[in-house]
Amino acid sequence: MAKLLRPQFVLFGDSITQQSFEDGGWGAALAALYARQADVILRAYGGYNTSWALFLLDKIFPKLSSPPDVVTVCFGANDAALPVPDGEKFHVPVPQYKANLHQIVSHIKSNSETTVVVLITPPPVGDEAWIDFCRANYGKQPEALPDRTNEVTKLYAQACKEVAKEADVPVIDLWSVFQQTQNWRQAYLRDGLHLTAGGNRIVFDELVNVLNGISFLRADKLPMDFPSFADIDPKNPGVAFQTWKNNANLAKFNILD
């Protein structure tokens with residue numbers, strides 16, 4: 001199998017991740033930051049919980065000679081749905097949620113211990129805005145029980161942090177970080193659950209902080225995939241490409257021979 005041209009960052013999760021490639025999304029911003037340095041790959045599935053995500057592991061993270069360098073894992077917003085009629089389909093009890101997250105991390109790490117796995121907790125829930133959104137879009141009656149609450153989601157965010165500590169991997173605590181801003185419900189959530197551009201910016205900033213803490217993953221340290229146009233002599237272009245090929249920094253990321 002041919003070696004990868006660039007390091008790969010895989011974004012694995014539910015709709016919080018799936019929507020990250022939309023305008024203003026944190027995944028799109030990450031891809032822009034690492035343009036020509038890393039491939040940012042979206043593998044996210046709106047509505048999925050961790051139990052369903054387990055069925056994807058062998059397909060998204062098969063046994064490869066060149067596994068991803070970074071994987072973000074963001075599940076829990078759906079697991080935290082209450083076992084009421086509207087949420088029962090998605091609900092995963094907290095102990096099972098923890099076990100599922102451990103299995104996801106273990107599977108990714110089993111392909112390569114050097115892969116950096118970053119867990120991301122579910123964001124907080126703006127209870128009233130989410131109820132209003134469900135009434136407007138899903139025909140819920142005013143007296144219907146909510147299928148998600150911030151109080152319950154807190155338990156899943158805490159469980160995610162516990163898994164990160166037990167598995168010794170970084171974690172981004174969105175549930176707590178968002179609520180450090182007084183008007184977080186309006187600033188960071190567009191419907192009580194999914195992110196605004198401001199919320200996406202918080203995820204991006206927090207993730208970049210994690211990556212910057214790992215020296216060889218910093219965007220200002222990673223080599224470009226090929227020489228800059230400014231380094232190419234139009235009369236003898238091959239020199240620049242030979243210099244690029246001999247760059248010792250490329251060896252850590254399995255750049256093509």
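The legends below describe close-up views of a predicted model.

Figure 1. The chain holds eleven helices and five strands (DSSP runs numbered from the N terminus: helices are H or I with at least four residues, strands are E with at least two). Its radius of gyration is 20 Å, close to the 18 Å from the globule rule for 257 residues, so the chain is as compact as a globular protein of that length (the radius is taken over C-alpha atoms, and the rule is 2.2 Å times the number of residues to the power 0.38). Residues are numbered from 1 along each chain as its sequence is written. Local features need pLDDT of at least 70, side-chain atom pairs count only at pLDDT 80 or more, totals for chains, interfaces and linings use all residues, and side-chain values use heavy atoms, with hydrogens and water left out.

**Figure 2. The open sheet.** Five strands lie in the order β2-β1-β3-β4-β5, with parallel pairing (two strands pair if DSSP finds at least two bridges between them). β2 (39-44) and β5 (171-172) stand at the edges with a single partner strand each, so one side of each has no neighbour in the sheet.

**Figure 3. Strand β1 and its partner.** Strand β1 (residues 8-13) pairs with β2 over six bridges, in the parallel sense. Gly-13 stands opposite Ala-44 in β2.

**Figure 4. The largest pocket.** The volume of the largest pocket is about 260 Å³ (the space filled by probe spheres set on grid points, which are joined across faces, edges and corners). A pocket is an open set of points on a 1 Å grid over the protein atoms alone, where a 1.4 Å probe fits, with protein on both sides within 12 Å along at least five of seven lines; lining residues have an atom within 4 Å of a point. Of the 16 lining residues, Phe-90, Trp-130, Tyr-138, Asp-147 and Arg-148 lie nearest the centre. Helix α6 (residues 127-138) gives the most to the lining, with four residues.
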